[in-house]
Every structure is written in structure tokens, then in C-alpha cells.
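Subject: Structure handover

Hello,

Here is the structure I promised to pass on. Please open it and keep it beside this message as you read.

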Amino acid sequence: MERLEKYLIKYCAPTLASLKTANLFSYPAGVGAGLEKSLVCWNLCLHKKGIKLCMLQKKENALIYVYRPGELKRDLSDPMAFRILKHYGYKTQEEDNAIATLRARLKKDGFPHEIGLFLGYPPRDVIGFIHYGGRHCKCAGYWKVYAEEESAKYVFARLQRCSKAYMRLWQEGESIMQLAMAAPQD
């Protein structure tokens, strides 16, 4: 079984680098209580960097959400984003309540499309994905793009470079704590 640390580097480098609000990955759930303990340990370590980890769902695999609370608050406060969330039954933009509603929607609806807002995707692209059912996008990378194609391509390239660099640095011996950027101070 691969360590959680490798998954954090492989799937969450842009969040660790403070380039993206959040990332999500599937992790083998057969590890039992070991996964919960690992999440607690990583939360204690990464808290000072402004990063949280939580398990959104646990079935045959666990769905792990790695995010920056300050960035999530900003993203969910966007008026267009909040209109989308309200449409799907979210009562508040507050982090804990919004994540609890997302968990409930995951149980009920499989994989709700508004999850893109929790990952830092532009609201116009989330609306486009919902409206077109994932078809007719201008381009695709970390998400499907329906609005700002050129700026999205630039972001995709930047996130890809970050992921490759973080994997290389980690393989050369850098720790996640060395690679994780501290949250910007307000």
C-alpha cells in the first residue's frame, strides 16, 4: 500500500504550493483506522501552513479533500458561486456547513457537479459543465473550460509544471513540510 504522503504529492502539489484552492483524490479505504490517524497527523502538521485534509466519503475507497480554508472561503463567497450552491441546497458559505452539505450530496447524488467550486474552478466553468452535461467545452485540463479558454490553458500549464517539480523534489528527498507553502497573511 502506498503512503498517504505520496498521494499528497502526486495529487495535491498545486494546493501545497498555494496555486490552487483544493485537490481531491481517492485513497484505498481498506487501511481502516490507520487512515483516520494519518489524517489527524497531517492536519496537525499542515495546519500551520494553512492546509486542511478531510475525508468526504468512505466506501471501497476514501475520497480525501485537501484544501486551503482561506481560499475556500473566498471562492464560496463569490456571488455566482453562492447562487450555484443555493440552487443545490447549500444554506451557507461557511466552511464546515458547506463541506457537510457536500458530504450529504455525495452520499445522495454520487458526484455532484458543484464540487468544482470546492476545488477552485471558475463558477462560469462549473455552470457550463452543469448546463452542457460535460459536453461542448472549449478545452479540458484540470477541469472542463467553458469561458476563459486562454487563461485556463495558462493555469493548466502552471499547475502541471508545479506537479512535476514537486514530485521531482519529493523524490529527491524534500519533505511535504518543506514543499508546502505557508498561507498568505491578510
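Below are my notes, grouped by topic.

This is a predicted model: local features need pLDDT of at least 70, side-chain atom pairs count only at pLDDT 80 or more, and totals for chains, interfaces and linings use all residues. Residues are numbered from 1 along each chain as its sequence is written, and side-chain values use heavy atoms, with hydrogens and water left out.

Aromatic rings

A pair of aromatic rings is described by the distance of the centres and the angle of the planes. Rings of Phe, Tyr and Trp (its six-membered ring) pair if their centres lie within 6.5 Å; planes under 30 degrees apart are stacked, over 60 edge-to-face, and the rest tilted. By this rule the count is eleven aromatic pairs. One of them is Tyr 7 with Tyr 11, a tilted pair with 5.8 Å between centres and 45 degrees between planes. Both residues sit in helix H1 (residues 4-16), four residues apart, about one turn of the helix. Helices (H or I, at least four residues) and strands (E, at least two) are DSSP runs, numbered from the N terminus.

Buried means under 20% relative accessible area, exposed over 50%, and partly exposed in between (1.4 Å probe, protein chains only). Tyr 7 has 13%, so this residue is buried. Tyr 11 has 35%, so this residue is partly exposed.

Tyr 7 also pairs with Tyr 27: the centres are 4.7 Å apart and the planes at 75 degrees, so this pair is edge-to-face. The pair links distant parts of the chain, with Tyr 7 in helix H1 and Tyr 27 in strand E1 (residues 22-28), 20 residues apart. Tyr 27 is buried, as is Tyr 7. Ring pairs join Tyr 7, Tyr 11, Phe 25 and Tyr 27 into a cluster.

Asp 75

Look next at helix H3 (residues 69-77), which holds Asp 75. Is Asp 75 buried or exposed? Its relative accessibility is 14%, so Asp 75 counts as buried. The side chains of Asp 75 and Thr 21 are joined by a polar contact of 2.5 Å. A polar contact is a pair of N or O atoms within 3.5 Å; within protein, one must be able to donate a hydrogen and the other to accept it, and residues adjacent in sequence count only if both atoms are side-chain atoms. Not counting residues up to four places away in sequence, Asp 75 touches Thr 21, Ala 81, Leu 117 and Gly 120. Contact here means heavy atoms within 4.5 Å.

Met 55

Met 55 lies in strand E2 (residues 52-58). Its relative accessible area is 16%, so Met 55 is buried. Beyond its neighbours within four places in sequence, its contacts include Leu 35, Leu 39, Ile 64 and Arg 103.

Helix H7

In helix H7 (residues 123-132), Pro 123, Asp 125, Val 126 and Gly 128 are buried. The buried residues of H7 pack against helix H4 (79-87), helix H6 (115-118) and strand E5 (144-145).

Cysteines

The whole structure has zero disulfides, a disulfide being a pair of cysteine sulfur atoms within 2.5 Å. Cys 41 is partly exposed, at 46%.

Best wishes
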